[in-house]
Structures are given as structure tokens and as C-alpha cells.
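Have a look at the fold before reading on.

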Amino acid sequence: HGLDDRCFELKYVRNEIMDEPLHTLIFNDITTRKKHEIRLRESEEKYRKLFDEGRVARSTTTRDGRLINVNKEMLNLTGYTREELFRLKAEELYVDPSERSKYIDQLERDTFVRDYEIQFKKKDGTPMDCMITSSVHPVTDSGEYFIQGSIHDVTERKRMENKLKESQKMEV
């Protein structure tokens, strides 16, 4: 079995014993570690591509509402630049900032929310009816976590539903 497909880490140590040089070479087989690193890097690249290039607004926030990652669709949805969003707290995106604590309470109770209805506002103040699907991701044993979520603007759909309801009332 050849060594062609193996990776080694080489360490050299030079000592002197009784004025005589002692040279030591240590070979450490790191093939498995390197393979794991490559798999991890590939997995991270796939995740990054999915996060960044998806057609859904995505964000990552801390519990206290600091945005730490957003994709291009999130910028399109809100009208903010990436730098502007990173200076905001998440509750500043809510039409009613107190709704953030209700959302966080449910997240902490269930560790995820699916199709959670909320009203956000764009940079220009325009309200949006949104559906959030998000989950809690622990960072350490200290209880710290970040929230990863996707946001869908359902304003137009709700407007059409209300219009349909109104027309049905008129028929009755």
C-alpha cells in the first residue's frame, strides 16, 4: 500500500546531548483530518451558496436582535443595504417592536417557528405582512444561541385574500 494518497505533518526537533547534536523527525499521519477538513469546507460552501443565492430572504440574528448575516433577498425585501441592516436591531424592522419579544418567547419555547405571521416595515416605512420560518441554533453550553430564519412577504397574497372575502360578502 503506497503513500501517494496520504498526508503527513513533519516536525523537526534539534537538541544537543553532551555537546552532540540530536536530530529528531516526527511524521504524523494527518490524512483523515485533511479529508474531514475538505468535507467540512465543501459542506460550508454548499450552505453558503444556499443561504446567499436562494430566492428567499434569509437572516441570522443573535437573541438580542443583532443581525449577523443577511442575504441579497433580505436586502431586496427591506430596501436596506447590508451595512445599514448590521447597524439596526431586529425589532426596528417590526411595525410593532414589542412583537419581537413574543416571537422570541415562542422560539425559546419550541426551538423553531413555522409560518409565524408578523408585520415588518421596509426602510421607507411601508408595512409588509410576512411569514417567518426560523430555528434556534445553540452556540455554546452557556445558553447563547443564534436564530436563523427565512422571511416571505405575503402582503400581496393577503390583499388578494381580503379582496376575495369582500367580493364573497357582496355576493351574499
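## Aromatic pairs and the sheet around them

Tyr103 is buried, at 4% relative accessible area (buried is under 20%, exposed over 50%, partly exposed in between, with a 1.4 Å probe and protein chains only). A quick note on ground rules: this is a predicted model, where local features need pLDDT of at least 70, side-chain atom pairs count only at pLDDT 80 or more, and totals for chains, interfaces and linings use all residues. Residues are numbered from 1 along each chain as its sequence is written, and side-chain values use heavy atoms, leaving out hydrogens and water.

So what does Tyr103 pair with? Its partner is Tyr116, in a tilted arrangement with 5.4 Å centre to centre and 55 degrees between the planes. Rings of Phe, Tyr and Trp (its six-membered ring) pair if their centres lie within 6.5 Å, with planes under 30 degrees apart counted as stacked, over 60 as edge-to-face and the rest as tilted. Tyr103 sits in helix H4 and Tyr116 in strand S5, 13 residues apart. Tyr116 is buried too, at 13% relative accessibility.

The whole structure holds two aromatic pairs. Tyr94 and Phe120 make up an edge-to-face pair, because their ring centres are 4.9 Å apart and their planes stand at 85 degrees. Here Tyr94 comes from the loop between helix H3 (82-87) and H4, while Phe120 belongs to strand S5, 26 residues apart. Tyr94 is buried at 2%, and Phe120 is buried at 7%.

Now for the sheet. It's open, with five strands in the order S4-S3-S7-S6-S5 and antiparallel pairing. Two strands pair if DSSP finds at least two bridges between them; helices (H or I, at least four residues) and strands (E, at least two) are DSSP runs, numbered from the N terminus. S4 (67-70) and S5 (112-121) are the edge strands, each with a single partner, so one side of each has no neighbour in the sheet. From one strand to the next, the twist averages 30 degrees. S3 (residues 57-62) meets S4 over three antiparallel bridges, and Thr61 stands opposite Leu67 in S4.

Helix H4 (residues 99-110) lies across S3, S5, S6 (127-138) and S7 (145-153), at about 170 degrees to S5. Helix H5 (residues 155-171) also packs on the sheet, touching S5, S6 and S7, with its direction at about 130 degrees to that of S6. Contact here means heavy atoms within 4.5 Å; axes are lines fitted to C-alpha atoms, for helices over the stretch in contact, and angles run from 0 to 180 degrees between N-to-C directions.

Elsewhere, S1 (residues 8-17) and S2 (residues 20-29) pair antiparallel over 10 bridges, with Val13 partnered by Thr24 in S2. The two form a hairpin with two residues between them, and Met18 in the turn has a positive phi of about 50 degrees.

Salt bridges come to 13, each being a side-chain nitrogen of Lys or Arg within 4 Å of a carboxyl oxygen of Asp or Glu. Among them are these:

| Salt bridge | Closest N to O |
|---|---|
| Lys158 and Glu117 | 2.9 Å |
| Asp110 and Arg109 | 4.0 Å |

Lys158 in helix H5 and Glu117 in strand S5 are 41 residues apart, and Lys158 is partly exposed at 26%.
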